Amino acid sequence: MNSNIIDIYYFSGTGNTLLITKKIATILKQHGKEVNLFNIQKTAPQSVNPTHALGLAFPVAAFSTYPFVWNFINNLPRGQGTEAFMLDTLAGFSGGIVGPLKKALLNKSYLPIGAKEFIMPSNYGRLGSKEKN
């Protein structure tokens with residue numbers, strides 16, 4: 001990543017996505033990057049600074065993500081070749097969120113540089129041992 005300032009916009013329902021976002025922010029800071037975290041639910045997409053690298057972090061829901069997350073993405077200001085990446089949390093299979101998000105970012109003149117999906121423990125029945133959960 002060429003950008004030195006990275007703004008990560010996140011939504012976290014159960015806390016898993018926030019946990020992952022904070023860990024990624026810590027790693028980026030250890031590599032000399034300035035990282036700012038913003039809650040999607042409390043941020044107007046028009047306030048996104050297109051001169052900072054853009055991180056988007058959210059949980060997968062119904063093989064995509066929540067409509068308000070898409071609304072945030074669709075209302076981002078035009079990028080300027082701005083580097084962008086995605087983090088998501090999911091139970092097992094995202095159904096292909098990476099491709100549609102990449103297309104949306106490219107249409108807004110962002111430069112997608114990566115995506116990582118983090119499989120989390122199931123929040124359905126706790127069938128495994130306490131240690132595994």
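These are my notes on a predicted model of one chain.

**Ground rules**

I number residues from 1 along each chain as its sequence is written. Local features need pLDDT of at least 70, side-chain atom pairs count only at pLDDT 80 or more, totals for chains, interfaces and linings use all residues, and side-chain values use heavy atoms, with hydrogens and water left out.

**Overall fold**

I began with the secondary structure. I found three helices and five strands. I take both as DSSP runs numbered from the N terminus: helices are H or I with at least four residues, strands are E with at least two. Along the sequence the pattern reads β-α-β-β-α-β-α-β.

Next I looked up dimensions. Along the principal axes, the C-alpha atoms fill a box of roughly 50 × 30 × 25 Å.

Of the 133 residues, 43% count as buried. Buried means under 20% relative accessible area, exposed means over 50%, and partly exposed lies in between (1.4 Å probe, protein chains only). A contact means heavy atoms within 4.5 Å. Among contacts between residues at least 6 apart in sequence, 83% join residues at least 24 apart.

The accessible surface is about 7,600 Å², and 55% of it belongs to carbon and sulfur atoms. The areas come from the Shrake-Rupley method with a 1.4 Å probe; for residues, only the protein chains shown count as cover.

For charge, I have 13 positive and 6 negative side chains, with the centres of the two sets 4 Å apart. Lys and Arg count as positive, Asp and Glu as negative; His and the chain ends are not counted. I place each charge at NZ of Lys, CZ of Arg, CG of Asp or CD of Glu.

**Thr89**

I found Thr89 in strand 4 (residues 82-90). Thr89 is buried, at 5% relative accessible area. Beyond four places in sequence, Thr89 touches Asn16, Thr17, Ile20, Phe58, Pro59, Val60, Phe118 and Met120.

**Thr43**

I turned to the loop between strand 2 (34-39) and strand 3 (53-59), where Thr43 is found. Thr43 is buried too, with a relative accessible area of 16%. Tyr9 is 34 residues away in sequence, yet the two C-alpha atoms are 8.4 Å apart. I also noted that a polar side-chain atom of Thr43 lies 2.7 Å from the backbone oxygen of Asn39.

**Glu117**

Glu117 is found in strand 5 (residues 110-119). I have Glu117 as partly exposed, at 28% relative accessible area. Leaving aside neighbours within four places, its contacts are Met86, Asp88, Leu90, Ser94, Ile97 and Val98. I also looked up Ala91: Glu117 is 26 residues from it in sequence and 10.0 Å from it, C-alpha to C-alpha.

**Ser109**

Last, I looked at the loop between helix 3 (98-107) and strand 5, which holds Ser109. Phi of Ser109 is near 70 degrees, a positive value in a residue other than glycine. Most residues other than glycine have a negative phi. Ser109 is partly exposed, at 26% relative accessibility.

Technical notes: A polar contact is a pair of N or O atoms within 3.5 Å; within protein, one must be able to donate a hydrogen and the other to accept it, and residues adjacent in sequence count only if both atoms are side-chain atoms.
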